[in-house]
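Dear colleague,

Please read them with the model open beside you.

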Amino acid sequence: MAHFPELEEARLLRRYKRFLADIELTSGEQMTIHCPNTGSMLNCMSEGGRVWFSRSNDPKRKLPGTWEISETPQGRLACVNTGRANALVEEALRAGTITELAGFTTLKREVAYGEERSRIDFYLEYADGSKAYVEVKSVTLGYPDTPVAAFPDAVTQRGAKHLRELAGLARQGVRAVQLYCVNLTGIEAVRPAEEIDAGYAQALRAAVGWGRGAGLRHPAGRTADRGRPAAAGAAHSLSQMPWLSSRQSRASSHSPAHGPATHSPLSIRNCAP
């Protein structure tokens, strides 16, 4: 990412009340930081594991630190700040990195749409009058001994609602895109986490039924000097799913180590900005 903040390394002591985390700095000092993630963060953290956080100089903030990246129990790096996903996607869209969505003349954020009164992450307009609605989800759930990530990491009625809204657009002939931003290193494919949220998996299948196949894309993660995650993020993997491309999964033979894959995971290919 072009404007990723400077990061400091620490050790995780505990996460609690969803939005709070206690950490220990390399100096031995302990502090409480903000956790910008509403999910369960399943398999994203372990007490004593390494974390990276950014600092804010805003005097109005109660907590000056924000948890950005976590070392997972599997030894991967996960960007746990879900707000980074939309920033990365916008950067890739404006750079033309996602070729299937390139060429738009207008990009708007948080546009109201749908019968259930939702707001789309990105609304795109093209010179020929066509439109595209792009919903972004951040994926950080990984399992041991498999390169297949899963979404969601907790029951998400909101996520299922977004799929219903996108499917409604597709039924009307409007381009509707569910884009998964895989913020986790070592991942080659993504599947719905039916063992966690069967309703979401069902909604995804129903939405895919209105699409034209599926495919995923991502930029490979990289690390910076001094052992810290690079500004681009730990593994800010950019992915896209239904209604976008006709490429078939290259990972259909993979069986995730945890939980049933009710339909083949989708493969990932590089699209680094």
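The structure, which is a predicted model, holds five aromatic pairs, where rings of Phe, Tyr and Trp (its six-membered ring) pair if their centres lie within 6.5 Å, and planes under 30 degrees apart count as stacked, over 60 as edge-to-face and the rest as tilted. One of these is formed by Tyr113 and Tyr133, whose ring centres are 5.5 Å apart with the planes at 35°, so this pair is tilted. Because Tyr113 belongs to strand β7 (residues 104-113) and Tyr133 to strand β9 (residues 131-139), the pair ties together parts that are 20 residues apart in sequence; strands here are DSSP runs (E, at least two residues), numbered from the N terminus. Tyr113 is buried, at a relative accessible area of 7%, and Tyr133 is buried at 12%, with buried meaning under 20% relative accessible area (1.4 Å probe, protein chains only). Tyr113 and Tyr133 also form one aromatic cluster with Tyr123.

Phe151 and Tyr180 form an edge-to-face pair, because their centres lie 5.5 Å apart and their planes stand at 70°. Phe151 counts as buried at 12% relative accessibility, and Tyr180 does so at 1%.

Elsewhere, the charged end of Arg14 sits over the ring of Tyr16, 3.7 Å from its centre (CZ of Arg or NZ of Lys within 6 Å of the ring centre and within 35 degrees of the ring normal).

Residues are numbered from 1 along each chain as its sequence is written, and side-chain values use heavy atoms, with hydrogens and water left out. As the model is predicted, local features need pLDDT of at least 70 and side-chain atom pairs count only at pLDDT 80 or more, whereas totals for chains, interfaces and linings use all residues.

Note on methods
Helix = DSSP H or I, 4+ residues; strand = E, 2+ residues; numbered from the N terminus. Buried < 20%, exposed > 50% of the residue type's maximum accessible area, 1.4 Å probe, protein only.
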